[in-house]
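I opened this structure to look up its salt bridges. My notes follow.

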Amino acid sequence: MNDNIKNILIYNPGGGMGDTISIVPIIQWLKKKYHLNHIYYIQSGPNKYFNNSCKDIFGNFVRTVDNIPDHFGFFSFFQPKSFSHIKIARNLSKDLGVDKFDIIIDMGTRVKNTLVVKQIPHKFFISPAMYFALSNPKKIITKPKHVIERIFCYFESVLKTKIEIPLEYENIPKKYTDEAKQILKENNKYLGFSITAGHPTRQKEFSVDEIIKVANHFSEKNYVPVFFIEDKYKDLIENLKKNVKNVIFPEHLADQQLRNPLLLIALAQHMQATITIDNGIMHMLSLSSTKIISFFSSKGFYEKFKPLNNVKSKNYYMKNNKSIAELKAEEIINFSEEFI
């Protein structure tokens with residue numbers, strides 16, 4: 001798996017922004033390791049982020065496959081239409097003008113889905129399903145549980161080498177760093193907050209009243225509270241403007257054409273630290289050099305999605321089926337203050 005690797009396909013069954021951003025370290029490493037000109041990418045769901053809001057991250061290097069069903073690979077015996085995915089898989093490389101892929105990386109763990117993706121012609125196949133037992137070369141890797149780190153562990157095992165994971169995004173375009181400098185003045189101490197969750201079925205948000213107390217606590221210590229919140233959350237924004245001292249929303253001040261993950265990564269470089277829940281923004285923050293204080297709704301989510309940079313991150317997870325909304329301001333402050 002060391003030589004003559006030209007065509008790599010990544011299959012990402014996650015359909016969210018965070019699922020997209022989280023694999024940036026893998027793509028950066030593959031690009032350098034194999035001196036690639038491009039990489040093929042399949043993302044489940046209708047949002048093909050590397051074609052739109054995340055396009056500037058890799059440009060045309062990432063070739064999103066979009067002439068297939070939105071939920072390609074999701075197979076069920078009770079959904080006859082999903083049987084067509086097997087035929088699509090077997091013809092996919094030919095449809096893309098590739099004889100067979102040198103490496104396919106399946107990020108998912110559902111065996112039925114993996115067996116569909118494995119129908120795509122390939123030389124090497126990597127999947128954490130059944131602890132990598134369906135991979136070629138076959139390996140049994142039970143730890144770590146982290147969705148990104150376990151892929152690197154597989155490569156380390158096969159290549160018999162230690163891999164230095166590229167933890168930060170490399171080479172943020174100047175237009176984004178210039179915009180961030182224009183918005184955030186260098187003589188201020190900024191403390192970031194990310195408190196909204198895009199996934200509607202996961203209850204993992206702070207109590208707004210408690211996070212207001214946290215923000216004001218640090219404001220009184222001469223930090224400027226910076227909230228990374230999309231402008232669609234109008235009621236929340238108005239509440240924060242009314243009740244948080246010296247609060248700013250930097251993305252709302254930026255050029256409309258620059259409002260994407262790269263701007264947030266550039267803005268994050270100016271933070272002393274950022275307090276965040278487990279969301280897409282957390283994954284963007286993890287690609288910056290800022291310290292991250294992350295709060296997870298459970299140990300399971302913590303193990304799978306925590307920031308990879310152990311030096312610049314501190315992570316809290318809820319126990320005994322308690323909700324993040326139950327956390328009091330004092331608990332959040334006590335966990336965060338020394339690390340900031």
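I started with Lys175, which is partly exposed at a relative accessible area of 45%. Here buried means under 20% relative accessible area, exposed over 50%, and partly exposed in between, with a 1.4 Å probe and protein chains only.

The model is predicted, so local features need pLDDT of at least 70 and side-chain atom pairs pLDDT 80 or more, while totals for chains, interfaces and linings use all residues. Residues are numbered from 1 along each chain as its sequence is written, and side-chain values use heavy atoms, without hydrogens and water.

Which residue forms a salt bridge with Lys175? I found Asp56, with the closest N and O atoms 3.6 Å apart. A salt bridge is a side-chain nitrogen of Lys or Arg within 4 Å of a carboxyl oxygen of Asp or Glu. Asp56 sits in helix 3 (residues 55-58) and Lys175 in helix 7 (residues 174-183), so the pair ties together parts 119 residues apart in sequence. Helices are DSSP runs (H or I, at least four residues), numbered from the N terminus. Asp56 is partly exposed, at 37% relative accessibility.

Glu156 pairs with Lys162 in a salt bridge, with 3.7 Å between the closest N and O atoms. Glu156 is buried at 18% relative accessibility, whereas Lys162 is exposed at 71%.

Lys213 and Glu210 form a salt bridge at 3.2 Å, N to O. They are three residues apart in helix 8 (residues 208-219), so about one helical turn separates them. Lys213 is partly exposed at 46%, and Glu210 is buried at 11%.

Conventions: Helix = DSSP H or I, 4+ residues; strand = E, 2+ residues; numbered from the N terminus.
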